[in-house]
Amino acid sequence: MTSGDAVADAYDLMMLRIAQRAPEAWIEGIYVEKMLSRGLEVIIGMNRDPQFGPMLMFGLGGIFVEVMKDVTFYLAPITNEEAIQMLMSTRSYEILKGKRGHKGVDLAGIANGLQRISQLTTDFPQIAELDINPFIVGETGTEPVVADARMTLQSFEVAR
Amino acid sequence: MLTPLFYPESIAVLGVSRTPGKVGHDIVANLLAGGYAGRIIPVNPAAPEVLGLPCLAEIRKTKEKIDLCIIALPSSMVLESVRDCLEARAGAIAVISSGFKETGAEGAELQRRIAELCQSHKVPLLGPNCLGLINTEHRMNASFASRMPSPGCISVISQSGAICTALLDLAAARHTGIAKMVSMGNKADLNEGDLLIALAADPQTKVIIAYLEDIACGDEFVKAATEASSKKPVIILKAGTTVAGQKAASSHTGVLAGEEIAYGAAFMRSGVIRADNFEALADYGALFAMQPLPKGKRVLIITNAGGPGTMAADAVEKAGMIVATLDRNTASALRQKLPSAASIGNPIDVLGDAEPDRYVAALEAAQEDEAVDAVVIILTPQAMTKPAETARAIARSNKGEKPVVVAFMGGADVMPGRDELVAAGLPDYPSPERAVAALQALVEYAAWRKRPPRMVARFPVNRRRVERIITRRLRTNRLQIGEVKAKSILAAYGFQIPQGYLATNGST
């Protein structure tokens, strides 16, 4: 979309189609977002283990996670060194670092993101699962952006 | 705190039979055979004496001070006899009997009541359903494993009695020796966390090896294991992790996580050395017990054949260690002592006709060279090879400042050499791969010990905003948080989210 009018037209068109094809749907609204600049897609997330509590995950998006399961897990809370270690212990670290003329991505930004979800999920035991997918990371010195995210809560009685 | 368990001055055994082969009888026999110097009090209302020791008819009314009570009665009688032991003011209780949690809900309930009773009296309880325990320093074999090990510096914690007896047998064959061995059984009260803390404080124990099937409490375990690992190596074989714990996870992270990964992360955090199989548990244990920690990860390989040297070098690199480069002075000095055909790189190939003197020359060079942190020595049986003499020569010239691991490859011909290595306190392995795997564990643990103190950063965040969102969601039982609200939460924790808004009508 390149103009406000285009966005408005798209809104009307989508509402019309939804009304035709899924008349039972209840629509909260349509989320309109600024287009992100390109970057590398990574996944950072958390899964609360019944024994050991929040476990943080890092992986490079796409086939690296889905097919090759190239991910690392660390127990929260993590330190900055451990967050960097998480990146380094994946096979896709070579891609993150940059290779053959490709510039590396902002590793510090990913490590920072991991520490922030470490703090969030340590603060809130009610969060059972969390995915930031994709987390879009640009070149060194830029700040990564949350393109999409999901969470699942658990009632406080079972939270630990 | 576990002194009455590990160093009792008197032991009562309940459920002693006069028939050899029965558990109660054998425990008394093992205490006697092991040379236990304290008082042994067999309890049996029907027999006047067992194995020459006078029996006590019942423990309840005894005036004697009893530190440790070992119960080997049928499970239906255990609760009552635990009560009796507590009345007799026992310092610790070990229940050998089976028929508890492992049999089902009724047994689990019985076990829970026994544990609760002991805990309310602050008396530590070992078991039930266990082999007992051994403390070689105290010459106490309070188990029904007949083999009393020689004293050593390795202590064993195990959830399986059979793994205990297998390790005892192996320790006997390889002369490794044992400090303490505890069979935890069903872990009704004492568990791995308690025992890790006890053994971490035990001066006799230099290395802890453990076999676990589950962990009683995650938080306590991480705390205890970190404390223990900070003092001495803790090597754990964790079985039972392959059960596909299929659970309903709605996130990528949840799908990829699992019990196996959680244990891996917990072990990594705690500095625990993970053994993937029984061999590794014994291999690592022996190396940690016998050799010093390395300063770094640069490894020198000494071999009498090219192929095995390459295998070792491959294994070193794959394990994340470095194939060391000899200092120029070391290399030229060594050149004078080895035949011209010998290779002075890394691996150092002392050639197939090497006699002990060439191994000694190479080992001495490696020990002096500042660029070498650890040494792998490989020997293959060739025409001129003298395995036993070479082993003795290696042992004599080993100064013990850098770790040395040795792999004598083969079978019948090299066995005398392997026996010499073991007798001299050098860890011996049948292959370069196993030697290098053990060395990797040693290197990684040394690095963990030198880790900087953990500093967890706290970012300034808007915690109350998240609190509000979560409270509202929980109150209305809307547990799935979608993109919009998830982003609000993340923004409150300092994440950058794309500019955007929820459009509810078609106007801009």
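Guide: A cavity here is a set of points, on a 1 Å grid over the protein atoms alone, where a 1.4 Å probe fits but cannot get out, and lining residues have an atom within 4 Å of a point. This is a predicted model, in which local features need pLDDT of at least 70 and side-chain atom pairs pLDDT 80 or more, while totals for chains, interfaces and linings use all residues. Residues are numbered from 1 along each chain as its sequence is written, chains are lettered from A in the order in which they are written, and side-chain values use heavy atoms, without hydrogens and water.

Visitor: Which residues line the second largest cavity?
Guide: Its lining consists of A:Phe73, A:Tyr74, A:Leu75, B:Ala265, B:Met268 and B:Arg269. Strand S4 (71-75) of chain A and helix H9 (259-270) of chain B each give two or more of these residues, where helices (H or I, at least four residues) and strands (E, at least two) are DSSP runs numbered from the N terminus.

Visitor: And what is its volume?
Guide: The second largest cavity has a volume of about 30 Å³, a volume being the space filled by probe spheres set on grid points that are joined across faces, edges and corners.

Visitor: What about the largest pocket, how many residues line it?
Guide: The largest pocket is lined by 41 residues, and A:Tyr74, B:Gly264, B:Met268, B:Val272 and B:Glu444 lie nearest its centre. A pocket is an open set with protein on both sides within 12 Å along at least five of seven lines, and this one holds about 1500 Å³ of space.

Visitor: Which helix gives the largest share of that lining?
Guide: That is H16(B), with eight residues; helix H16 spans 432-449 of chain B, and helix H10 (278-290) of chain B is among the other elements that supply at least two residues.

Visitor: Switching to packing, at what angle do H10(B) and H16(B) pack?
Guide: The angle is about 60°, with the axes 9 Å apart, where axes are lines fitted to C-alpha atoms over the stretch in contact and angles run from 0 to 180 degrees between N-to-C directions. H10(B) and H16(B) are therefore oblique to each other, since oblique covers whatever is left after under 35 degrees (roughly parallel), over 145 (roughly antiparallel) and 65 to 115 (roughly perpendicular).

Visitor: Where do H14(B) and H15(B) meet?
Guide: B:Pro387, B:Ala388, B:Ala391 and B:Arg392 of H14(B) are in contact with B:Pro416, B:Gly417, B:Glu420 and B:Leu421 of H15(B), contact meaning heavy atoms within 4.5 Å.
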